Structure formats: structure tokens, C-alpha cells
There are 2 protein chains.
Amino acid sequence: MAAQRSHVRTSLVALSALLVLSLSAHAQTDPLPSWNDGPAKKAIVEFVQTTTTQGSPQFVPPAERIATFDQDGTLWVEQPMYSQVVYCLDRVPALVKAKPELAKVEPFKTVLTGNLEAIAKLPLPELEKILVATLTGMPVEQFSAEVKAWLAKAQDHRWKRPYTELTYQPMQEVLKYLRDNGYKTYIVTGGGQAFVRVYSEQTYGIPPEQVVGSAGGTKYGYGKDGKPFLTKEPKLLLNDNNAGKPEGIYLMIGRRPYAAFGNSTGDRQMLEYTKAGGGARLAMLVLHDDAKREYAYGPAQGLRDTKVGTFTQVLYDEAKKKGWTVISMKDDWKKIFAFE
Amino acid sequence: MAAQRSHVRTSLVALSALLVLSLSAHAQTDPLPSWNDGPAKKAIVEFVQTTTTQGSPQFVPPAERIATFDQDGTLWVEQPMYSQVVYCLDRVPALVKAKPELAKVEPFKTVLTGNLEAIAKLPLPELEKILVATLTGMPVEQFSAEVKAWLAKAQDHRWKRPYTELTYQPMQEVLKYLRDNGYKTYIVTGGGQAFVRVYSEQTYGIPPEQVVGSAGGTKYGYGKDGKPFLTKEPKLLLNDNNAGKPEGIYLMIGRRPYAAFGNSTGDRQMLEYTKAGGGARLAMLVLHDDAKREYAYGPAQGLRDTKVGTFTQVLYDEAKKKGWTVISMKDDWKKIFAFE
């Protein structure tokens, strides 16, 4: 009987040991398989461990775990043009069909020619007219439906794939890794808040209420049937770029992030503001230095400013000085896209 | 052996039955113990059951479960004056100490007399000067610290308790009941967003990022030490009242609520907008008809508009017509406060 009991006890110990082993094997599964070992990956893993391990001097209570991500150039491709700008240009023919008088008026006339070089040369105030005409003046539900329909058909010219497939796989892993460790992940984009909210949940697992972006006002009114609806107005409430990013974070979230990710000068203040908080803070900049697998621009291309995503040498130097970690797409990422 | 097996089987059946009984007893624990049985309680329970039971034709996916609550007069006492107005008046002496020249200038001069009747008669533009002087012009962290310090000391005159104890226990139960069933609960207040965010988590279990309120802009800048900080600006970005409530919900949440709770004309559009969505939607109005345990005003007091919380007869009639449920504090609530 004693021998039997001891046998049972031994089996239980073995079983427990097995269980512990399998649990820790699970815990040790690489959460960032698309990342090469290096300072960037190390910075992310160390940040998560130090802020989420009970008893760590830099432990962050779950309620305060906020991480913010720029979108264009940080979570998905922004070259040769922001997807939302492509959307606005693509909407022009339908717009002119509804209001034929626009066909003879600039900037719509130029857009209709389809001459990309001429379109690229349109001055900013003219481009703004296109944004106002295609992003405002309709009920919010109609806008969402139009974006959804466009996303289902539109394709990037280089990869011949829907824009929503051009997200960076390594960043998708960071989003998931942070969420698995109790972080609320937010998009904080200079792009249109209403535009990004249409696909954020399906594309990034980020619900609309966790998308902060440049936002226009809406106007509450009633239809002929007496039903209330909201119309998108050409009135800018939040320009979520540069200083607008920390301002937008305060307005929409009300807490300072513990981690922030960007790729251009428009993200500078968000990284700065994040890093200026106490305790462990993570600030990271994606450097586009992989002309082969994606694009090379900014410091990777002789420091010149590019039309979009102006990650300049100045920003690069600031990153080094302020302890932000630069992510080299070429060196730090095993793969760029999920479909590779 | 067969008899033994059958015995084991019987015991297992008995055990399962016990387990089922205890589980269903648990499930049947009243989630709203401070509510009397009646149409209001029934409406809440039926709404939760129909929107959260798998297979129900009105099932709402967890991600879309949004419930919005007005604060003043809906979650806590708003009479005789909004707590935030009391806060602003209470701040005036400290303000004048820092800027002694204000002592001779209206409206500060009147506020310093402490004559409540005279203060109550200040015209709105004068009152606004007090709000601007006490709510803006300082770093956001300083503002939060000042509100926190005030909340720790300030007491309501009637109950001699901190304002944060004057929340309605039945509404606290609704908040918890909805959250337990996968709803994200939001405050959507005409009051200051930054003010309410200071105590929302501790008082209601609602984190700052789920507080939508009237919001001013902030300005990003740098201190002498080079550290960045945000300053509260006297610039209104969102007047979260009336039509501003659905507009604010679109800006800050981006989804239409399935349930909304209010108590005054300032909540009309939020309830209307909520109810205009498809499927099961819950719209409720708290009627202050309990002069003994709290206050009676609005339709309960000869239909007159009151200075705050204008729940008029017009709104009351609209509620009946549009299928909003009126909550009678007198009849529907067993207790008003947790401390009773």
C-alpha cells in the first residue's frame, strides 16, 4: 500500500513537472517570429517583460497599459501615395457623375485626365478641395459604405493586392504581443479617423473607438422620415499630426502612452511625449531602408525629405539622442508582409 | 458490480442536478437588487437578455455592445448645482491669491463675497469667465491634481458627504450589470471631460478613455527643462450637449450605442440617435420625482424648467411617444445611495 502510494506520488510529480515544462515551453514561444534578433526586438521584449511582470520596479497596472501606433508607414505601406489620397482621387469620377458641372472645374478636371504627374503637381489648396468634396457632405453611414466598397476592389499597383493586405507582418505581431500582455493598442494617425475606422478592426484587431485620427465635425439633423442622422462636415476638429498627436491622445484617450511607434516627423511629438513619462517607456521609429522588399526613403536615401513620411536625418539623430529605438526594415524584419 | 455501477451513475446524476441547480441559482441572483420590480427594471433585464443570448434574433456581437450614460442627474446628484460649477467657484479664492488684481474685477468680486444668491444671479457670460479662469491655462497634470485635491475635501451641503458618494446605487448596478454582460460603458456628459476623467474610474469603474464630455483644446509646448507638456486652452472643441452628444459619440466612439441613459433635454438627441438604430435599443430617462430621498424637479414639480437638468413635460411626452422608458426614482428605486 505504501509502495503504491509512493508510486502514485511519483507519477503526480512527473505529471506536474511535465505540465510545468509544457507551460513554460508555451510561454517561451517566440511572440515576434518575423523579427530578427537585434536591438529593436530586444527593446520590445524587454519593455513588455519589465512593465508586465508583477514585482518589477517598472510594473505598469493593466488599466494604464496604452500603446499608440501611427498608421501610414508604420503599420502599412505609405508609398507612393497615402491610400486615403488614392481613395479620394478614385472617388472623383463618381463625384463628377453626380455633379457634371465639376468636370470643367479645377482640380477635378486634372484628376479626370488620370495624368498622375499632373495630379502630383496640384498645389495643396487644390488637393484640399478634393478631400473636402470626397470626404464630407454625406451621412456618416454612406461614407463608411463607400470606403468599404472601395477597399474591396482597390489594389496597390506594385503588389496587385488590396491595401489592407499591405500591413507589416512584424508590426501585426507587435500589436498582438502587446494586447496579449494587457496593452490597449490604439492607432494615432494623421490620416482620417473615419476612414481608418472602417477597416481597423478587421485589419489590425483595433476597434473603431481605439482609432484616433484627423477628424472633422459632424452635424446632427433629421431625414424626411424624421429619422436622425449625422452628416460629415468640412470643419477640421483635430489635425492629428505633429503636436496634434499628443493633443489628440489627451482628447481621445486621456492617458499618456507607455509605448509609441511612428516613422516620420509627424510622429516626433507623440514619441517625445510618450518617452517623457516616468518609468519604462518605449519609443520606436520605423526606418524605410529596404528598397528591394518595400521602399527606401528618408535617411536611407541620402537624407532627403520625401513627399510623404518625412523621416529626416534630423529625426534620426534625435532618435539616437533621446533613446528612441530605430527599426531597420532591412535588418530587423525577416519578412515584410504576411503573404510573402 | 452492475448494482455498484448503477449506484455510481445515480450519484453522478444527483451531483449534476445539484450543480445545475446551484449554477442556475447563481444565474438567477438579482443583478439589480436596488430596483423594485416594474416596467423600468423589466426593460433593462429584457434588453440585456435579448441582446446577449446566443441565437436571439436581436443578439448583439460583443464588440458592438456600447452603452452611454449622461452623468449629472443620471449617475449622480445635480442639485442644487452641478458639482463642477461648485468646483469652479471654490477655486476662485486660490485664483485671486495668485492674481490679486482679480479681487476687484467682476465676476470674481461677487464670487468672493460668498453670497450664493448674488452668485446664482451672475449672467452666463460672467459665469463663463469663471470657468475659463479655473479650468484652463494650466498644465493638464496640474488641473487633474487640483480636482483630485478638491474631491478629497469638498462635501455636498445636504448629505455632508463627498460628491463621489452621491452616485445612484441603482445606476451603479446597471453599469455593472451591463459590463458583466460584455457592454462597454461610457459616460457622455455635458460636463467637462477632463474633470470627470479624474474620478470616473474609481467612482464608476469607467476608465478615462471611456469618458466623452465637453472638451477644450490643449496646446503642446516645452518647459524650461525641455520637457514637453500640454496646457489646457480656452478653446471649446466639443460642446457635448444636445446634438453635441451624438456628434461627440461619433467623434470619440465611432459606433452607435445600443443603450443610452439620460435625464434632461440635453440628452434628447443621444436617446433619439440610440433608439433610431436597428434591433433592440434601450433608451431611458431618469425622472427626479423623489423630493424626500433626493429632489423633485421637472415634470414632477408642475412641469417647470429648472435651472439645471431641464427634464420638461415636452421631453416626458416624447419619451412616452418614442418608446423611451422613464425611471421614477420614487417608484423604481428601493434605495438612492449606497450609504442609505
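**From the backbone to the contact**

Modeller: Happy to! Pro80(B) sits in the loop between strand 1 (66-69) and helix 3 (83-98) of chain B. Please keep in mind that this is a predicted model. The peptide bond leading from Gln79(B) into Pro80(B) is cis, with omega near -5°. In chain A, the bond from Gln79(A) to Pro80(A) is cis too, with omega near -5°, and Pro80(A) lies in the loop between strand 1 (66-69) and helix 3 (83-98) of chain A. For background, most peptide bonds are trans, and most residues other than glycine have a negative phi.

That brings us to two more spots to look at. Lys160(A), which is not a glycine, has a positive phi near 55°. You will find Lys160(A) in the loop between helix 7 and helix 8 (169-180) of chain A, where it is exposed, with a relative accessible area of 54%. On the other chain, Asn242(B) has a positive phi near 50°, again in a residue other than glycine. Asn242(B) belongs to the loop between strand 4 (228-238) and helix 10 (244-252) of chain B and is partly exposed, at 35% relative accessible area.

If you take contacts within chain A between residues at least 6 apart in sequence, 65% of them join residues at least 24 apart.

Now to the contact itself. Chain A brings 39 residues to it and chain B brings 39 residues. Together the two chains bury about 3,300 Å², with 52% of that on carbon and sulfur atoms. On the chain A side, Glu209(A), Tyr220(A) and Tyr250(A) lose the most area to chain B, and together they account for 21% of what that side buries.

What about charges across the interface of chain A and chain B? The rule finds eight salt bridges there. One to look at in your viewer joins the side chains of Arg256(A) and Glu141(B), at 3.3 Å from N to O. Several elements of chain A each give at least two residues to the side that touches chain B, including helix 7 (140-153), strand 3 (211-222), strand 4 (228-238) and helix 11 (244-252). By class, that side of chain A holds 21 nonpolar, five polar and 13 charged residues.

Helix 11 of chain A deserves a moment. It is mostly covered, with nine of its nine residues buried. Among them are Lys245(A), Glu247(A), Ile249(A), Tyr250(A) and Met252(A). After helix 11 comes Gly254(A), which has a positive phi near 80°.

Finally, how do the two copies relate? Chain A can be laid on chain B with an RMSD of 0.0 Å by a 180° turn and a shift of 0.0 Å along the axis. That is why you can read the pair as related by a two-fold axis. The same surface serves both copies, since 100% of the contact residues of chain A recur in chain B.

Terms used: Residues are numbered from 1 along each chain as its sequence is written. Chains are lettered from A and ligands numbered from 1 in the order in which they are written. This is a predicted model: local features need pLDDT of at least 70, side-chain atom pairs count only at pLDDT 80 or more; totals for chains, interfaces and linings use all residues. Side-chain values use heavy atoms; hydrogens and water are left out. Contact means heavy atoms within 4.5 Å. Buried area is the accessible area (1.4 Å probe) that two parts lose on being put together, summed over both. A salt bridge is a side-chain nitrogen of Lys or Arg within 4 Å of a carboxyl oxygen of Asp or Glu. Helices (H or I, at least four residues) and strands (E, at least two) are DSSP runs, numbered from the N terminus. Ala, Val, Leu, Ile, Met, Phe, Trp, Tyr, Cys and Pro count as nonpolar, Asp, Glu, Lys and Arg as charged, and the others, Gly among them, as polar. Buried means under 20% relative accessible area, exposed over 50%, partly exposed in between (1.4 Å probe, protein chains only). Copies are superposed by least squares on the C-alpha atoms of residues with pLDDT of at least 70 in both.
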